[in-house]
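My notes follow in the order I made them.

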Amino acid sequence: MRKETLRLLIVDDEEAARYGMRRALSTFGYNVSEAESAEAARALIKQQEPDLMLLDVNLPGISGLDFLREMKSSNGNGPLVIIVTAHGSERMAVEAVKSGAYDYLSKPFELDDLRLVIKNAAETLELRRENFSLRRRIEIERSQRGPFIGNSQGMQLVRAMIEKVAETDATVLVRGESGTGKELVAREIHERNSARSNSAFVAVNCAALPSELIESELFGHEKGAFTGAAARRQGKFEQADGGTLFLDEIGDMSANVQAKLLRALEERRIERLGGNESIPVDVRIVSATHRPLEQEIAAGNFRADLFYRLQVVTIEIPPLRDRREDIPLLAGTFARAAAERYELPVRPLAQSALRRLVEYKWPGNVRELKNTMDRAVILAEGDELEGHDLPGEITAGLQRELGESTSTDENGLKVPFTADFREDRREFERRYISRCLEHTQGNVTRAAEILGMHRQSLQHKLRQLGLGRRYVSVSPETQDNSDS
């Protein structure tokens, strides 16, 4: 926390004491306010929401200690409190700390002591804020776990399978297309296992590593095992000991590594590359693939015995196109999370956008939908997320499916035709008004005169059409002056 952002309230009935502390702390860069009583402090707390309070014990009316207890009982998220006591009142200071004070100072105190305790309190506040921010990000990330959002039959089955298998140690094979959330399912299984959730979840993408490196990545290596092996290195099996090892795209693993993986599963022991020591490992295996492994076995590319070891339980994640009824809920969840993450307004989804989202085929599945909603939230200008806020590939794909065509009016303006009359009319209005504003070089007043509208009505229409940010920022006075 930067010192200039720290709001500090001094509560002391002695004006000289307040003056001395304020002078010392203001020159040090803090934003300081004063109050002579608990009653005055209450009003300032409501107005300014201070981060930190220096609170004298001896106040007129209610004492500082009673005021501290009152604040803690009514608002646990109030300012940090440093109690200021007279010399020899250490017992009262201890009582204050038990009642919720952060620290205490005994009068008279050195200015360096005052600055030090304020500096420590500021660091504590910063850690609390970082912790809160981290927890909030985790909550947002959990809210974006798209594979678990929705009430379609397919997702109900996925959730039921996770619930049944999580507390066991059975190997699980998660199957589904790219972007359906296979790793999130694996993480959910790990987090729901009470015996393993406090240990590591280690993920390995077998398709992303060259075949000559995957063995070292999984099992580790000894110093000198190969050129460049300058030191011993633990592999993913050892890193995941006591937890879960997630093997993504297991179908891309080479035959040599498949054999070693099978042996590790059977014996629950590994050997590092270049070593002779047999190392016991306690690891739960969850693997995933988008490949039809049965066909890979028939083609000789995947071991049948390893396949049966990996698929004690199989969880099939349906593609997004097979659970379209979940798309509105998913899209709304992603949109709200994106708005909060980017600190932008939360806009509801218009019917034009929902129709296009539900009809699109989503080759990238939930991952593609999440990225689409991030983009729409960032670029949207209107009061709602509209169809025209979505990427062109979604609009174009739907237009092809609907057989969209266009015609040209007498002014050369292309008029779209889709299955949605209201969206076609809205798109025509956007193009027509945009053409008019281009003609007036963005002057809303002149454009309103040409269109036969009041300027306020046109500004409202621009906001409805998502053109407000582009044109309504010009003030009426500027427009009127430009007309003269």
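**Entry 1: Arg272 and its partner**

I began with Arg272. This is a predicted model. Arg272 has a relative accessible area of 9%, so I logged this residue as buried. Then I looked for a partner. The side chain of Arg272 forms a salt bridge with that of Glu238, at 2.9 Å from N to O. The two residues are 34 apart, and the bridge links distant parts of the chain. Glu238 sits in helix H9, while Arg272 sits in the loop between strand S9 (269-270) and strand S10 (279-280). What about the cover on Glu238? Its relative accessible area is 12%, under the 20% cut-off, so Glu238 is buried too.

**Entry 2: other salt bridges**

How many salt bridges does the count come to? I got 30. I took down another pair, Glu294 with Arg175, whose side chains meet at 2.9 Å, N to O. Glu294 belongs to helix H11 (residues 293-298) and Arg175 to strand S6 (residues 172-175), so this bridge ties together parts 119 residues apart in sequence. Arg175 is buried at 10% relative accessible area. Glu294 is partly exposed at 42%.

Next I checked Arg233 and Glu217. Their side chains form a salt bridge at 3.6 Å, N to O. Glu217 is in helix H8, and Arg233 is in the loop between helix H8 (211-219) and helix H9 (236-239), so the pair ties together parts 16 residues apart in sequence. Glu217 is buried, with 17% relative accessible area. Arg233 counts as partly exposed at 31%.

I also noted a network of salt bridges. Asp169, Arg196, Arg268 and Asp282 are linked in it.

**Entry 3: a negative patch**

Which residues form the negative surface patch? I listed Asp13, Glu14, Glu36 and Glu39. I followed up Asp13, which is in the loop between strand S1 (7-11) and helix H1 (15-27). Its relative accessibility is 37%, so Asp13 counts as partly exposed.

I looked for the buried residues of H2 and found Ala38, Ala41, Leu44 and Ile45. They cover an arc of only 115° around the axis, so they lie on the same side of H2.

I kept the backbone for the end. Most residues other than glycine have a negative phi, and most peptide bonds are trans. I looked for exceptions.

Glu49 has a positive phi, near 50°. This residue is in the loop between helix H2 (38-48) and strand S3 (52-56). Glu49 is exposed, with 54% relative accessible area.

Glu249 also has a positive phi near 50°. I placed Glu249 in the loop between strand S8 (244-248) and helix H10 (255-267). Is Glu249 buried or exposed? At 11% relative accessible area, Glu249 is buried.

Where is the cis peptide bond? I found one joining Lys107 and Pro108, with omega about -10°. Pro108 lies in the loop between strand S5 (103-107) and helix H5 (111-143).

Technical notes. Residues numbered from 1 in each chain as written. Predicted model: local features only at pLDDT ≥ 70, side-chain atom pairs only at ≥ 80, totals over all residues. Heavy atoms only, no water. Patch = residues over 30% accessible without salt bridge, like charges linked within 9 Å, V, L, I, M, F, W, Y side chains within 5 Å. Areas by Shrake-Rupley, 256 points an atom, 1.4 Å probe, with all protein chains shown as cover. Salt bridge = Lys/Arg side-chain N within 4 Å of Asp/Glu carboxyl O. Lys, Arg positive; Asp, Glu negative; His and termini not counted. Charge placed at Lys NZ, Arg CZ, Asp CG, Glu CD. Helix = DSSP H or I, 4+ residues; strand = E, 2+ residues; numbered from the N terminus. Buried < 20%, exposed > 50% of the residue type's maximum accessible area, 1.4 Å probe, protein only. Arc of directions from axis to C-beta.
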